[in-house]
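Have a look at the model, then read on.

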Amino acid sequence: MTDHDCHQLICDIESAFPSLPIKYHVSWRDVTTLGVGGEIPLLAEPQDDISLVHLLRYCNSRNIGIFVLGGGSNTVGMEGPFHGVVVKLSQNDFVKVKIGRDHVTVGSGVRLCDFILTAARRGLGGCAPLAAIPGAVGGAVRMNAEACGVAMGDRVVDVCGFDFSGKPWCASGDEIDWNYRNSTIPENVIVTCAILKMDRVDPNLEAEKVRAEISRRRGHDPKGRSAGCVFKNVTPELPAGKLIDLAGCKGIKSGGAEISEKHANYIINRDDASEKDFLDLAIKMREKVWETAGVYLNPEICFVNPASADKLTSSPRPMEVAVLKGGNSTEREVSLISGAAVAKALRQGGYQVDEIDIKEMEIVPGMLDAEVVFPVLHGGFGESGGIQKLMEEKNLRFVGCGSKASYIAFDKIESKKIMENKGIPTPKYHTVPRDNHAFPEDFSFPVVVKPFDQGSTVGVSIVHTVQEWEEALRKAFEFDRDYVMVEEFISGIEITVGVVLDKVLPVIEIRFPGEMFDYDAKYTHQLGETLYLCPPQNLSEDIQKRARDLAMQYCEAIGARDLMRVDMIVQDNGDIQVLEGNNLPGFTSSSLVPKAAKANGLSFVELCSQLVKNARR
């Protein structure tokens, strides 16, 4: 925008709105907490809804840009002049608080702290934890400001405003989806006021809570000019500051800007920093977190300059991932749950995710379009190596074992042969053909009868007597055409060990209410809850180490990669028997591999993200 363009815009606005309060050549340093940027050619402060609507309609009809400036607490100004009108709601009703019996009507330009203190003095409270958040009410509502379990969205009865064309917009709190640090209030809507429901409180006690929160925040936040947190927390349990700190970013400088040593998610304007200084550091933070954690951080700050915002969110550009779920096996419903959980975690990690409910073994367009495919298909072609073979033939990158290792892990007979060949201790077994149900001569009851290629203990029975033998075979043959497996019954403590990206996870001890760790013990819990103990309560360090070593031996023996869960039994004498491996185990945040990863300091979001990042590499 040239000086001539700026002058012409000022003249046009003055001519069209002779009574509109306007400030000229305002420095971004004077209207933002960060203090970065050049000058604002024209800053308009409409007196009321009517003047705001007229201005919006005028700008919309002439393609003049609008930037809404709230409290300026999360805003990064731009070095060059903004090509349009900066609007600040700082007049009359926009900065008033109207107290009702148990509701407060508050203008969007009111500072959040002022609103909460004003309400407290009149005996209305419930928002004290939000008092130290900088900025105005409009931004706090739009971004669903949250602290200590208290969120603005929980208090909203109604929100009113106008879109950029000047059309009125309003919604009840129930009509808006309130997400973590976000809401579904449209981006092109200027919030002008909100009605908030409050609690009746003691004025003195509530005011004291507000003062205590402000004091706490002052001791917590770094000193110096900043825009607050640069990036949103990935989840409440996975703060961006922690990831930035672990990525080694504290103290990095660019020009007059520096990543705070006190709180890694703050960039401090130390010495007349520029927009470029800030942007360079924000990009560095985002890149290093992706390199170390596989997570794409999303900005919490707002750039006036769209080009800066685009550059930040494309450095690096989020990967496109196809998550396969469903399938056509007996474990379809479990797969749908796991797939949805993985997709959610990857979205929280900043990835572009396409969820595909796949029912046939085929390559669908969404898989071809993705940079990485994440199959979360339990059982059937999704776990037996079938879909993996097709992806290998198409040179697709995917998470998990290749087709050969998948086939071996899924086929209990092949898995047994490999373990025997490699000297991995495993219970003795026989195969029983469909046309000969004779009980193995060298076995004695009890035994375990299994289909050779089903998961989630589908079709599995513990057989104690000759009378139970035929029924167990009938049940297993429902899933296998030619033969099933009979295995000696081993009593002891059931454990499982996950291996992710060549790292062995902590051992999980499994305590279930019935005789067997079956489908009910895993999912439906009709007999009672199953306990998953990590760390184990009844296993020595030596046993745990041997179990972890066996898990890695199993993975090396079958040629596994990326992801495997190895199930074992610890006998009373301390010996360990490996039962089988699971190459696509249950994958929700409460599943066994994610539980072990969490015990090892790796969140579910990081686990899913790192698997995708590794597959792409």
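This is a predicted model: local features need pLDDT of at least 70, side-chain atom pairs count only at pLDDT 80 or more; totals for chains, interfaces and linings use all residues.

Residues are numbered from 1 along each chain as its sequence is written, and side-chain values use heavy atoms, leaving out hydrogens and water.

**Cores**

- The largest nonpolar core has 65 residues (a core being buried Ala, Val, Leu, Ile, Met, Phe, Trp, Tyr and Cys residues joined through side-chain atoms within 4.5 Å; buried means under 20% relative accessible area, exposed over 50%, partly exposed in between, with a 1.4 Å probe and protein chains only).
- Its largest share, 9 residues, comes from helix H8, residues 275–293 (helices, H or I of at least four residues, and strands, E of at least two, are DSSP runs numbered from the N terminus).
- A second, separate core has 37 residues, including Leu 117 and Cys 127.

**Salt bridges**

- The whole structure holds 28 salt bridges (a side-chain nitrogen of Lys or Arg within 4 Å of a carboxyl oxygen of Asp or Glu).
- Arg 270 pairs with Glu 258, with the closest N and O atoms 3.0 Å apart.
- Arg 270 sits in the loop between strand S19 and H8 and Glu 258 in strand S18, so this pair ties together parts 12 residues apart in sequence.
- Glu 258 is buried at 11% relative accessibility, whereas Arg 270 is partly exposed at 45%.
- Glu 478 and Arg 474 form a salt bridge at 2.6 Å, N to O.
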